[in-house]
Amino acid sequence: MGSRFPSHQLSNGLYVSGRPEQPKERTPITTSVAMPYTGGDIKKSGELGKMFDIPMDGSKSRKSGQLNNAPSRTGSFVGAASHSGPIMPNTAARSIYTTSGNLSSGGVSASVSMKKTTSGPLNKHGEPVKKSSGPQSGGVTRQNSGPIPPVLPTTGLITSGPLNSSGAPRKVSGPLEFTGSMKSHSSVTHNPATTTLSLDDEYSFSRNFPKPILWSVILIFIMGFIAGAFILGAVHNPILLVVVIVLFCAVVALFTWNTCCGRTAIVSFISHYPDTELRTAKNGQFVKVSGVVTCGNVPLESSFQKVPRCVYTSTSLFEYRRWDSKAANPKHRCFTWGLRAAERHVVDFYISDFQSGLRALVKTGYGARVTPYVDDSIVIDVSPDNKDMSPEFLRWLRDRSISSDDRMMQLKEGYIKEGSTVSVMGVVQRNENVLMIVPPPEPLTTGCQWAKCIFPVSLEGIILRCEDTSKIDVIPV
């Protein structure tokens, strides 16, 4: 049948116009065999257990028939080095066999699609290089494309650091004591929750006395001495000069008395200040609370004696200056004790009120303003003759790069540990269900104590008062 239009004949004998349709290649249908439930036992997971070099029981392997090189297969089978039947010698590369239909030994024709994939380096013939990572089960050589990760510990925990051959963390030896003490001291100093107190927080009469009044008094006495000396030389009358000298001696004695006994007067003022019951205290009220201390989230440890669970620590090193010895600080005078080094830290803590039984959070950490009046006790006295008797003291000096030389030293340490009884003065702040004591916005003035000849003193921030805890039994909490 001739025509200028293309035509073709169908299988039933009919002729139709157009070119015959090209047969489309059918995409093989890939299915997977459902894996049995292992219950967390890796030995029941088939070929997954072989990857971890766990011996397998031959009775639990799944038979899938014998594989040969015949091109015709039926059934569905996916193998990635996961067959338990005999394997032909041609196993240089890992192969993935994908078939559609049911696998049978009769060799019934079916659509078969074979996909061969390799990974890793190739040799000169284009075949993958065989790799082995130890003895394999069943006499079959497995190939790995990368290193096997180390075996985890039997507990299943993820640990940091290197592991030994058994999977446990490897122990590191070294001078842990010295490193630990330096790390602890550095962590306390740089911890934002810790307030580091300076020497300005201590009582000093020269800092508390108003400078304009001091200079005015000095100017008046200078003018008085000049006038008294002039009258004495002009009319030979010494009365004015004598009066000025008496007043000058009285003022000097008064200033000396306040310098020496000012701290004792402040401690007496704090002790006689009336306590306030937290239950009836209003928000923003200045109160004094006495009770038992409990540590907060960041407890401290004393620097020298290593007393644990403290909320306040103070360690001071003093040196005695002789005529030919060096000064401990720029203001150190001869034949006196001078401060060489000081470490004082305080953190947030809880206090349980004796009167109401309520518990309040005292905000003394995170750089808050604090004025402590805590008694220190002498821990050790060191002289050139017995300085080698205390190796702990020498190690404490080395940790802080302080030279001992041939000086007379005295170490004092004070602390407030958990269970101690303290008095706290501050402002009450109620935030929902949290009761806190925070620093007051204005300093507290003690006023003139005329009976004791004490000038007024300003106390800033939260005021802490505690006696020497080394001589007092603490309450267990």
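Phe225 is partly exposed, with a relative accessible area of 29%, where partly exposed denotes values between buried (under 20%) and exposed (over 50%), computed with a 1.4 Å probe on protein chains only. The model is predicted: local features require pLDDT of at least 70 and side-chain atom pairs pLDDT 80 or more, whereas totals for chains, interfaces and linings use all residues. Residues are numbered from 1 along each chain as its sequence is written, and side-chain values use heavy atoms, without hydrogens and water.

The unreviewed UniProt entry annotates residues 213-232 and 239-257 as "transmembrane region"; the positions follow the numbering used here, feature names are shortened, and such annotations may be inferred rather than shown by experiment. Residues 213-232 are 100% helix and 0% strand, with 28 Å between the end C-alpha atoms. For residues 239-257 the content is likewise 100% helix and 0% strand, and the end C-alpha atoms lie 27 Å apart. Helices (H or I, at least four residues) and strands (E, at least two) are DSSP runs numbered from the N terminus.

Twelve aromatic pairs are found in the whole structure. Rings of Phe, Tyr and Trp (its six-membered ring) pair if their centres lie within 6.5 Å; planes under 30 degrees apart are stacked, over 60 edge-to-face, and the rest tilted. The Phe225 and Phe248 rings form an edge-to-face pair, because their planes are at 70 degrees, with centres 5.7 Å apart. This pair links distant parts of the chain, Phe225 being in helix α4 (residues 211-234) and Phe248 in helix α5, 23 residues apart. Phe248 is partly exposed at 35% relative accessibility.

A further edge-to-face pair joins Phe255 and Phe455, at 6.0 Å centre to centre and 85 degrees between the planes. Since Phe255 belongs to helix α5 and Phe455 to the loop between β17 (444-445) and β18 (458-459), the pair ties together parts 200 residues apart in sequence. Phe255 is buried, with a relative accessible area of 18%. Phe205, Phe209, Phe255 and Phe455 are linked by ring pairs into a cluster.

Charged groups also sit over rings, a contact that requires NZ of Lys or CZ of Arg within 6 Å of the ring centre and within 35 degrees of the ring normal. The charged end of Arg359 is 4.1 Å from the ring centre of Tyr350, and Lys412 lies over the face of Phe318 at 5.3 Å from the ring centre.

Lys282, in the loop between α5 (239-272) and β7 (286-295), is exposed at 63% relative accessibility. The C-alpha atoms of Lys282 and Val428 are 7.0 Å apart, with a sequence separation of 146 residues.
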